[in-house]
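Please open the model in your viewer and keep the selection panel at hand. The stops below are arranged so that each selection leads to the next.

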Amino acid sequence: MSLIGLDGVSERAKKLHEESVVVDIHNHMMFEYAIHEALGTPDIFDTYYAPALKAGGIDVIATSVGGNSPCVCNLTDDLVHGSLEQIDMLRRAEEKGSSFAICESAQEIEVAVAAGKIAILLAFEGARAAEGIENEESLVMLRSFYRLGLRTICIVGGARTRFADGMGEARAEAGMTTFGLRFIEEMNRLGMLVDLTHMTERSFMDSIEASSKPVVVSHIGVQAACPNPNNLSDERIKAIGRNGGVIGMEMVKTEILWEYEKYKRPITWEHVIRHIDHIAELIGTEHIGLGLDFDHFKMIDNIHRAMCPAPGTIEGFYTGIPKENHMLDEPNDLWEAPLITEYMLRHGYSDYEVKMILGGNMMRLLKETIW
Ligand SMILES: [Zn+2]
């Protein structure tokens, strides 16, 4: 398998990619954005992120502004404060006038995209920042973050939270707590998208049963194609089919190809298509979308591994752990996203299927959950 290169993207793929509303439901630009902010860099989004997203034809991103650990909360262990700081950064940039719009409903997304702006949904990876005070099961934090614009929450990061067990806590098999079930019910009622990435099998099944609305698994692969314990079993995939949810396909090699370090050839979207094929066979292409999980920004080596540890380890705390580039070899950056379309067309998916996988399915899900 050799690389296609951007020059190898056909006119048909270019046109289809451009015509499609491309949704990336799991973005991590805030890892680096927050560092630019601390350095006093002006016009951060327009200078560093808009050009890559525009070149990649990406119209909508759900960007993580907080959650479970310091690396997603502006490098502070005061998770609430760090999340508020990151929301404040984006709000101030938006007020000044920028090429993005923070959207709080599917309709606002459509308006922003039609106006040529990049639509941003505020997301949490892990819900610890919304746990509230100890010994009290209060939904005050959830509702308060909702009022600030938060619209999607991945309930767990790696480890156990007050809501459910994450994949790092596979030993206890405790699943979802009563507080967690109430949290999901309130998210459904408010109009928020429930994200079931990083859950243990039991937490996942409890949560999907609890949700009265379709869910997302924002960034993941499938066990059948790569037996990483974080990936989806066939039972989970079928449950998503019954629920009407959507699975976001990512660019992270560890969840795409098992023991990828041993593989001597380039790892590309063709490998992701093995996952896509499997989901399509089980529940249909209408349940597939993109959640690229791109975190390999220039100013940082890697902090994602610290946040999403292997099972048996605790939620990470440290940042800047040096790591080789663990993104796919192709596409290797957000601006190379048109290659995703080229790979899927070459593999035999129809124009309609590709368009829906690029964003149509995710937009349908957002209309059903965020209004
Ligand atoms: Zn993750």
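Select arginine 202 first: this residue is partly exposed, with a relative accessible area of 42% (buried means under 20%, exposed over 50%, and partly exposed in between, with a 1.4 Å probe and protein chains only). Helices (H or I, at least four residues) and strands (E, at least two) are DSSP runs, numbered from the N terminus.

The model is predicted: local features need pLDDT of at least 70 and side-chain atom pairs pLDDT 80 or more, while totals for chains, interfaces and linings use all residues. Residues are numbered from 1 along each chain as its sequence is written, and side-chain values use heavy atoms, without hydrogens and water.

Next, select Arg91, Glu94, Glu104 and Arg151, which a network of salt bridges links. Glutamate 104 pairs with arginine 91 at 2.9 Å, N to O, and with arginine 151 at 3.3 Å. Arginine 151, in strand β5 (residues 150–154), is 47 residues from glutamate 104; arginine 151 is buried, at 3%.

Finally, select the zinc ion: Glu125 (OE), His198 (NE2) and His219 (NE2) coordinate it at 2.1 to 2.2 Å. Donors are N, O and S atoms within 2.8 Å of the metal (3.2 Å for Na, K and Ca); water is not among the atoms, so sites may look incomplete. Glutamate 125 and histidine 219 are both buried.

Key. Salt bridge = Lys/Arg side-chain N within 4 Å of Asp/Glu carboxyl O.
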